[in-house]
Protein chains: 4
Amino acid sequence: MIKMGVIGYGYWGPNIVRNFMSIENAGVVAISDKKEAALARAKKDYPDIQLTRHSDDILNSPKIDAVAIVTPVYTHFELAKKALKNHKHIFDEKPFTASTAEAEELIELAEKNKVKIMVDHTFLFTGAVRKTKEIIKEGALGDLYYYDSTRVNLGLFQHDINVIWDLAPHDLSIMDFLIEKKPSAILATGAEHFGRGLEDVAYITVFFDDNMIAHFNVNWLSPVKIRMTLIGGEKKMLVWNDMEQDEKVKIYDRGVNITNKEGIYELLVSYRSGDIWTPRVGQTEALRLEARHFTDCILNDKTPVNDGQAGLRVVKILEASDRSLKTRGKLVKI
Amino acid sequence: MIKMGVIGYGYWGPNIVRNFMSIENAGVVAISDKKEAALARAKKDYPDIQLTRHSDDILNSPKIDAVAIVTPVYTHFELAKKALKNHKHIFDEKPFTASTAEAEELIELAEKNKVKIMVDHTFLFTGAVRKTKEIIKEGALGDLYYYDSTRVNLGLFQHDINVIWDLAPHDLSIMDFLIEKKPSAILATGAEHFGRGLEDVAYITVFFDDNMIAHFNVNWLSPVKIRMTLIGGEKKMLVWNDMEQDEKVKIYDRGVNITNKEGIYELLVSYRSGDIWTPRVGQTEALRLEARHFTDCILNDKTPVNDGQAGLRVVKILEASDRSLKTRGKLVKI
Amino acid sequence: MIKMGVIGYGYWGPNIVRNFMSIENAGVVAISDKKEAALARAKKDYPDIQLTRHSDDILNSPKIDAVAIVTPVYTHFELAKKALKNHKHIFDEKPFTASTAEAEELIELAEKNKVKIMVDHTFLFTGAVRKTKEIIKEGALGDLYYYDSTRVNLGLFQHDINVIWDLAPHDLSIMDFLIEKKPSAILATGAEHFGRGLEDVAYITVFFDDNMIAHFNVNWLSPVKIRMTLIGGEKKMLVWNDMEQDEKVKIYDRGVNITNKEGIYELLVSYRSGDIWTPRVGQTEALRLEARHFTDCILNDKTPVNDGQAGLRVVKILEASDRSLKTRGKLVKI
Amino acid sequence: MIKMGVIGYGYWGPNIVRNFMSIENAGVVAISDKKEAALARAKKDYPDIQLTRHSDDILNSPKIDAVAIVTPVYTHFELAKKALKNHKHIFDEKPFTASTAEAEELIELAEKNKVKIMVDHTFLFTGAVRKTKEIIKEGALGDLYYYDSTRVNLGLFQHDINVIWDLAPHDLSIMDFLIEKKPSAILATGAEHFGRGLEDVAYITVFFDDNMIAHFNVNWLSPVKIRMTLIGGEKKMLVWNDMEQDEKVKIYDRGVNITNKEGIYELLVSYRSGDIWTPRVGQTEALRLEARHFTDCILNDKTPVNDGQAGLRVVKILEASDRSLKTRGKLVKI
């Protein structure tokens with residue numbers, strides 16, 4: 001039984017607590033938040049859990065095995081470092097840290113102290129992503145041509161980070177999980193419209209060593225909510241439309257074959273347009289599966305799929321995107 | 001009555017002929033195509049129109065007032081030059097030319113010889129684009145924040161041009177028409193997957209002097225057909241989904257107001273989420289309206305909205321995109 | 001402050017409790033359920049509310065002002081009668097009762113004892129239905145031609161009632177609220193496929209004194225979830241698609257005008273096909289608004305829109321539908 | 001080579017001519033229409049085909065093998081009778097005839113004179129219906145529970161027939177083809193709103209000897225176009241949405257199993273909710289395949305799937321529907 005402390009009870013914290021309370025091998029024993037209102041809500045929801053305004057009460061408590069850090073990204077490093085130093089496992093809200101340097105230091109510390117880091121890449125545990133992973137892994141799509149993701153909506157504007165740091169961690173962590181390829185270079189463009197110096201519309205291109213390309217469209221100013229990913233492969237193509245209730249993932253038996261006979265004017269192009277298959281995807285709440293994975297990794301000394309390294313890989317792209325954004329789209333190698 | 005010659009009777013030529021035959025002040029009197037099969041089709045469709053394998057028969061014919069050039073882009077310049085030299089108006093398939101230099105020379109020649117150039121930016125004459133223009137012009141959207149266009153589908157692969165030159169002229173000409181702003185810089189990324197040196201997936205970012213941004217997603221390898229444009233404005237937002245049968249254009253009374261009170265942590269963000277209005281859009285075939293506009297411009301000496309300058313502005317972005325593509329996304333000022 | 005007792009803590013009961021706990025002028029002071037498991041859940045959710053296995057503890061308690069009856073329909077009458085006799089207001093799950101005779105007796109008793117009956121026609125309090133009511137009331141649709149409702153889905157099969165008694169009360173109560181017309185005759189057809197004598201697919205036609213017609217398609221065996229209502233009017237037409245996230249109600253400026261000149265072959269038919277308007281609809285939880293309406297009616301002695309009479313009108317159609325079903329669609333006048 | 005005469009060149013006639021002209025073993029040699037304007041159109045489309053205002057020129061011509069009757073339903077019988085008497089095969093627009101008596105007489109006459117009758121149930125030759133037939137035939141859906149069809153739209157109002165005779169022949173002929181079961185009784189309700197005595201909204205229930213049920217919703221007054229058929233089976237369920245461009249037919253591995261253990265309160269209900277399969281359907285124009293089927297049946301003495309008997313079965317339901325409509329939904333056995 002893992003005894004957990006949760007730091008931060010704002011928008012996402014209650015989901016973390018609820019799910020860690022609902023699984024077999026874990027329980028939340030303490031919650032901290034700087035805001036009285038948040039603690040009042042926590043008290044109403046869980047009268048029996050210890051509440052505090054001071055994260056140190058959790059970070060230093062000898063009866064706590066693991067800490068969930070559910071606070072803004074710029075606070076992650078200090079909180080996580082303290083937790084790891086105190087030999088506590090951490091479950092860290094995404095994005096992992098505000099810089100690659102921070103991420104690397106935390107990873108090293110966790111290794112030294114033999115504790116686990118899990119970064120809350122919740123989407124990896126959704127039925128849609130797990131099914132997609134399965135399909136890609138078994139080679140059904142063949143070699144991948146492109147990964148094209150759109151995540152746009154009206155709001156919520158963040159105070160301290162731009163739209164890339166807010167929305168792209170979802171998609172970057174998903175791509176990292178699905179594709180298992182190392183990006184070679186990043187390029188990002190965007191614009192901001194409210195004099196805050198924080199982009200509200202942005203586009204990221206990710207290059208790989210081969211001719212696969214990935215692209216991410218993130219936007220806080222869209223009147224419609226679109227969450228769609230297209231994955232084009234040599235053999236088949238997959239569309240994941242997360243706004244669909246019932247038919248989130250579709251696999252299209254479609255493609256094109258080009259045979260370059262003799263010279264450019266003798267191309268033989270043939271199109272394939274076959275059936276579509278819409279697999280059933282699991283309905284279990286993603287965060288519950290993720291919480292179970294966390295306890296399983298701790299109890300059985302396994303490496304989380306969403307470990308510190310996964311968190312670091314995402315932060316690397318975010319950091320590179322920022323650098324590219326600031327230079328109007330200069331290519332940043334990584 | 002404008003007597004027209006049409007060069008090229010492949011995929012699009014028959015539509016040109018049919019529409020110029022259907023309007024009041026024009027008639028097609030000659031068609032040329034190098035391929036016997038195309039001429040045979042033309043003969044079946046229009047037994048009374050003169051047919052020839054030699055475009056010169058049209059370009060040099062004294063009885064022809066205007067020439068529609070419906071051939072691959074690399075042939076436009078020579079054909080158009082000859083037509084303009086012979087004092088014929090031209091109706092040129094998009095994209096206008098293969099380079100800005102060619103476009104500029106043709107424009108100059110047309111001015112000298114006092115004939116008209118119209119570039120076949122057909123979409124400008126669709127009900128959806130005309131309605132959108134009306135809405136933007138009357139200021140309903142307010143200042144524009146972004147223009148985000150997606151045009152993806154499976155095929156058709158072109159032999160001699162990449163996906164940008166094939167698909168983006170539609171969207172670039174539409175944006176040019178709707179926005180009436182001069183781009184300041186272009187950046188394009190993409191990938192190709194069949195060893196032909198022609199990108200089949202590409203993304204273009206267009207910067208302007210103010211903080212508006214435009215983005216174009218074009219793709220020949222998508223299993224699903226998406227043709228969607230989002231236009232975000234200060235007051236309202238517009239979505240044009242060209243795959244909808246009945247509700248192509250929607251105007252959303254949605255937006256965000258950010259008041260920066262005191263320092264970054266005191267932002268007041270308010271969201272507006274009001275009604276949606278789906279105006280009826282005209283159903284007349286776009287090419288017919290465009291053909292009428294052509295004859296009207298000739299007969300009444302008007303400047304087409306889609307004149308040589310409009311064609312040139314699109315070619316400028318295409319050319320810049322190519323340069324950017326070849327350098328993995330380097331920014332190209334224009 | 002209305003002190004409420006809630007009888008039944010199965011699927012819907014928790015929503016009733018949560019909402020009556022969340023509003024200003026009411027509070028739940030006791031919950032009863034025959035099942036220990038239900039009470040255990042209630043205890044976890046609300047440690048401070050009195051729990052009992054005996055509904056009589058609630059029905060006879062002098063400290064309770066009003067009783068919510070959230071049990072299967074065949075139990076409503078006895079429970080409601082006891083509550084009303086003890087001068088308690090009742091909030092009764094839909095359908096109101098298992099027969100019109102029962103409904104009439106309860107209405108009479110409530111009047112005698114000067115207490116309120118509210119039947120839980122929750123949908124009347126959704127943003128979509130309230131907006132539709134507003135539109136119809138202001139005459140925007142003109143005279144109504146038809147009301148066509150579809151509510152189909154896979155499951156949930158009920159043990160003791162057929163698909164009409166399960167699903168149609170939603171739509172019948174909505175129509176009753178929106179249309180404010182008295183049906184003159186009912187006809188229902190259907191089929192059952194599992195040897196239980198309970199139809200799982202059914203269709204109801206409702207006739208009125210004028211030429212308006214209403215139709216209800218209810219089905220427990222549909223692979224897809226459809227919840228759509230079309231309302232055709234002389235001036236405009238309205239579609240309410242409850243499966244839409246964001247654009248539930250659309251008003252179409254569409255219609256047909258037929259002028260019968262001279263004899264049947266001289267009809268002048270003209271179609272109108274104008275804009276579509278998608279009004280924003282309220283997002284507040286329907287049950288919360290309904291709970292507020294309940295307390296408001298009690299405290300200020302008002303008649304609920306969904307009073308016993310509204311419940312009776314729905315039960316009348318259900319009863320007639322059953323009679324019609326049993327005779328393979330015989331017309332039942334009401 | 002079948003030499004055809006076509007009577008009627010209004011809305012649908014041109015499609016008939018075009019398709020019979022495009023296939024191998026047939027050709028149209030004469031067209032008749034009472035209206036000069038129609039003949040003028042025909043002359044423009046086909047300068048070489050003989051044109052006449054008198055159908056008798058076709059019906060009596062010795063050089064004509066088969067006659068397509070593309071005129072209003074009330075004229076079918078006389079025209080068809082004359083054609084059959086003159087030993088000509090007929091291709092008859094749907095619905096076959098205005099009454100079952102007429103249909104039976106024509107069938108008898110055709111048998112006597114050894115010529116073929118084909119009724120233009122075009123939809124049977126669409127890719128979607130042929131694929132659905134294949135799926136049902138191989139037993140993939142299991143025993144059928146229900147067939148639920150909706151075909152609604154704005155207009156086109158017909159002058160001489162109600163909405164059932166206009167729209168339902170499509171769906172009734174499709175059901176007849178797919179299900180291959182004999183209906184036992186019919187019931188129809190509807191309403192009309194323009195004082196013409198012709199229903200513009202109607203609903204048909206079709207009963208069978210087993211517990212399968214079919215239902216048809218037809219409406220000329222809907223602001224939205226819906227063409228959807230749900231077929232519920234014991235093993236799987238199928239949805240055909242004809243408004244979809246690309247995914248018209250979907251097969252859902254969904255269903256419900258009910259095990260009646262001991263008494264009504266011991267039902268064991270289990271739901272199955274598996275994958276969805278969207279087969280590719282053929283894209284060939286239905287009318288072309290139908291035209292080929294017609295010539296094949298004549299040349300090789302085969303019985304058309306859409307022969308006079310099929311036409312008669314549809315007319316039987318139409319006739320019964322009318323009788324039921326006139327009596328406010330009285331059940332009509334057939």
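The crossing of H1(D) and H8(D) is right-handed, meaning that the near helix is turned clockwise from the far one by less than a right angle. This is a predicted model, in which local features need pLDDT of at least 70 and side-chain atom pairs count only at pLDDT 80 or more, while totals for chains, interfaces and linings use all residues. Residues are numbered from 1 along each chain as its sequence is written, and chains are lettered from A and ligands numbered from 1 in the order in which they are written.

**A helix pair in chain D**

Let's stay with that pair for a moment. Helix H1 covers residues 13-22 of chain D and helix H8 covers residues 286-299; their axes come within 9 Å and cross at roughly 60°. Helices here are DSSP runs of H or I with at least four residues, strands are runs of E with at least two, and both are numbered from the N terminus. Axes are lines fitted to C-alpha atoms, for helices over the stretch in contact, and angles run from 0 to 180 degrees between N-to-C directions. H1(D) and H8(D) are therefore oblique to each other, since angles under 35 degrees count as roughly parallel, over 145 as roughly antiparallel, 65 to 115 as roughly perpendicular and the rest as oblique.

On the H1(D) side, the meeting residues are D:Asn15, D:Asn19, D:Phe20 and D:Ser22, and H8(D) answers with D:Leu287, D:Arg288 and D:Ala291. Contact means that the C-beta atoms, placed from the backbone, lie within 7 Å. By class, this contact has 3 nonpolar, 3 polar and 1 charged residues. Ala, Val, Leu, Ile, Met, Phe, Trp, Tyr, Cys and Pro count as nonpolar, Asp, Glu, Lys and Arg as charged, and the others, Gly among them, as polar.

**A parallel sheet in chain A**

In chain A, 6 strands form an open sheet with parallel pairing, in the order S3-S2-S1-S4-S5-S6. Two strands pair if DSSP finds at least two bridges between them. At the edges are S3 (50-52) and S6 (117-120), each pairing on one side only. Neighbouring strands are turned by 25° against each other on average, direction ignored. Within this chain, S4 (residues 66-69) and S5 (residues 89-93) run parallel and are joined by 4 bridges, and A:Ile69 stands opposite A:Asp92 in S5(A). Helix H4 (residues 76-85) of chain A lies across S1 (2-7), S4 and S5, running at about 165° to S5(A).

**How the chains are arranged**

Copies are superposed by least squares on the C-alpha atoms of residues with pLDDT of at least 70 in both.

| Superposition | Rotation | Shift along axis | RMSD |
|---|---|---|---|
| chain B on chain C | 180° | 0.0 Å | 0.0 Å |
| chain B on chain A | 180° | 0.0 Å | 0.0 Å |

Chain B and chain A meet through 45 residues of chain B and 45 residues of chain A. The largest share, 6 residues, comes from S11(B). This side of chain B divides into 27 nonpolar, 13 polar and 5 charged residues.

Some chains stay apart: no contact joins chain A and chain C, whose closest C-alpha atoms lie 9 Å apart. Chain B and chain D do not touch either, with nearest C-alpha atoms 9 Å apart.

Notes: Contact = placed C-beta atoms within 7 Å.
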